[in-house]
Amino acid sequence: MSTALLTAPDEAAALEELHRLGCTDGLPVIIPTQERVDRMVLATGLDPGDIIGEMGPLMGAASVEKVAAAAVMAGCLPDHVPVVIAAIKAMCQPEFDLREMQATTHCTAPLLIVNGPVRNTAGIASGFGVMGPGHRANASIGRAVRLAMINIGGARPGESDMALHGHPGKFAFCIAEDEENSPFPPLHTTFGYEPTQSVVTVVGAEAPHSAFFIGDADDPDGSAEELLAILASMIAAPGTNNLVLGGEGAVIVVMNPDHTAVLEAAGYDRVKTQQRLADLAVVPAEQARRLHPRQFANFKGDEVKAIRHPEQVIIVQAGGTGLYSMVMPTWNAGAHRNQAVHEAIDLDQACEVPWATST
Amino acid sequence: MSLVTEKFWPQGDFVAMSEGMSDLPRVQLPHPVAGSGQENMAKVAVEIRDQLVRSLERR
């Protein structure tokens, strides 16, 4: 992709030109003037030419400068950009299969889950409406990653991004874990990080599917089992890739505080929850053969599993208090079968720079 | 008369104002109530009973 500097007589014309060139997500962007990009680069504390990774399918070099341009376009503040850089670094790990994920006909989009102190310094929301509009950091960080996927990775709908439908999370899909109120340890500590580190976990995910559940504190064990059965039934829904493609990859469960409290009351920690979900997320082979006669014609066994690796069930607490949790099935394909990846967010390099949107 | 849990109290303020019913009587409940068990729900009911009656009498 050309790195030539574009020119336009004014910002309105520049915006129209960016739309015409397919450099936007369809919404207006902040024009990435050289001055704005330079200041965003300065905020990273990194060299503009530093390469974070290669983004497929174009295999564009994700330099700090180009990522900073995406961050400017998305409306990021300087505090947001270390998260964007770490997310892209994570997505450039071979295990993420970014090129294949960008090109697939499935609707998958990278979900960013942020842990550690940066949640507070960058203002990344983890409560009510966590996946919806109204949270600047979540929206800007998620959008910057998407704009990098478009402009560095070369994803163009119907041309190189062949998702049949996509989903709204392809505009922006970034949440923080509600660590302070969760009975489980922060997600990143399960990958070996310290609680004081800031980390982004990235996993390709479908749009969230709502799981309705009301517990009964008078029956904690029964309530937990009911809740887990509901979540598992959604993971193993016969139309999901998790079930049809063998259950090798990740699945995401974003639980509201009331639902994690139900699990805690019954003695469930994250590992026990993952294992129980894996046990329950099955479909009788007879049903699978009836619904997918060609895929399961030669299947041996009594039941089809949607989760073969319990550790790939990504469980986080986020969202408001109430009746609903969210399940996100995944693509489950590519060479690495849709694994979750993670990367530490380097805040030591970041510089504080004056920031104004008027420049 | 509306029974509203503490977590949803600000939303109650918003809706009451937008509907022009800012004086709508409301009683605040702890959150959550749903699923908190029969004993707890009975305890909450006892705790709000007098407040509920007073609010209705004022109407």
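What follows is a short tour, topic by topic.

This is a predicted model, in which local features need pLDDT of at least 70 and side-chain atom pairs count only at pLDDT 80 or more, while totals for chains, interfaces and linings use all residues. Residues are numbered from 1 along each chain as its sequence is written, chains are lettered from A and ligands numbered from 1 in the order in which they are written, and side-chain values use heavy atoms, with hydrogens and water left out.

**Where chain A meets chain B**

- Let's start with the touching residues: 10 from chain A are in contact with 10 from chain B, contact being heavy atoms within 4.5 Å.
- About 580 Å² is buried between chain A and chain B, and carbon and sulfur atoms give 62% of that. Buried area here is the accessible area (1.4 Å probe) that two parts lose on being put together, summed over both.
- On the side of chain A that touches chain B, the residues divide into four nonpolar, three polar and three charged.
- Three residue pairs are in polar contact between chain A and chain B, with both residues at pLDDT 80 or more. A polar contact is a pair of N or O atoms within 3.5 Å; within protein, one must be able to donate a hydrogen and the other to accept it, and residues adjacent in sequence count only if both atoms are side-chain atoms.
- As for salt bridges between chain A and chain B, the count is zero. The term stands for a side-chain nitrogen of Lys or Arg within 4 Å of a carboxyl oxygen of Asp or Glu.

**Chain B as a whole**

- Chain B has two helices and two strands, running β-α-β-α from the N terminus on. Helices (H or I, at least four residues) and strands (E, at least two) are DSSP runs, numbered from the N terminus.
- The C-alpha trace of chain B spans about 35 × 25 × 10 Å along its principal axes.
- Of its 59 residues, 25% count as buried. Buried means under 20% relative accessible area, exposed over 50%, and partly exposed in between (1.4 Å probe, protein chains only).
- Chain B exposes about 4,200 Å², with carbon and sulfur atoms supplying 54% of it. Accessible areas come from the Shrake-Rupley method with a 1.4 Å probe; for residues, only the protein chains shown count as cover.
- Take the contacts in chain B between residues at least 6 apart in sequence: 57% of them join residues at least 24 apart.

**Salt bridges**

- Over all chains, the structure holds 11 salt bridges.
- Side chains of opposite charge can pair when their charged atoms come close.
- In chain B, the side chains of Lys43(B) and Glu47(B) meet in a salt bridge at 3.2 Å, N to O. These two are separated by about one helical turn, because they sit four residues apart in helix H2 (residues 38-58) of chain B.
- Lys43(B) is partly exposed at 48% relative accessible area, and Glu47(B) is partly exposed at 47%.
- Over in chain A, Arg119(A), Glu179(A) and Glu180(A) are joined into one network by salt bridges that share partners.
- Glu179(A) and Arg119(A) pair at 3.4 Å, N to O. Glu179(A) lies in the loop between strand E4 (174-176) and strand E5 (199-205), and Arg119(A) in helix H6 (residues 118-121), 60 residues apart.
- Arg119(A) also pairs with Glu180(A), at 2.8 Å, N to O. Those two are 61 residues apart, with Glu180(A) in the loop between E4 and E5 of chain A.
- Arg119(A) is buried at 5% relative accessible area, whereas Glu180(A) is exposed at 53%.

**Two buried residues in chain A**

- Val41(A) belongs to helix H2 (residues 34-44) of chain A and counts as buried, at 7% relative accessibility.
- Leaving out residues up to four places away in sequence, Val41(A) touches Leu46(A), Pro48(A), Val64(A), Glu65(A) and Ala68(A).
- Ser63(A) is in strand E2 (residues 60-63) of chain A and counts as buried too, at 8%.
- The side chain of Ser63(A) reaches the backbone nitrogen of Lys66(A) at 3.1 Å.

Technical notes. Nonpolar A, V, L, I, M, F, W, Y, C, P; charged D, E, K, R; others polar.
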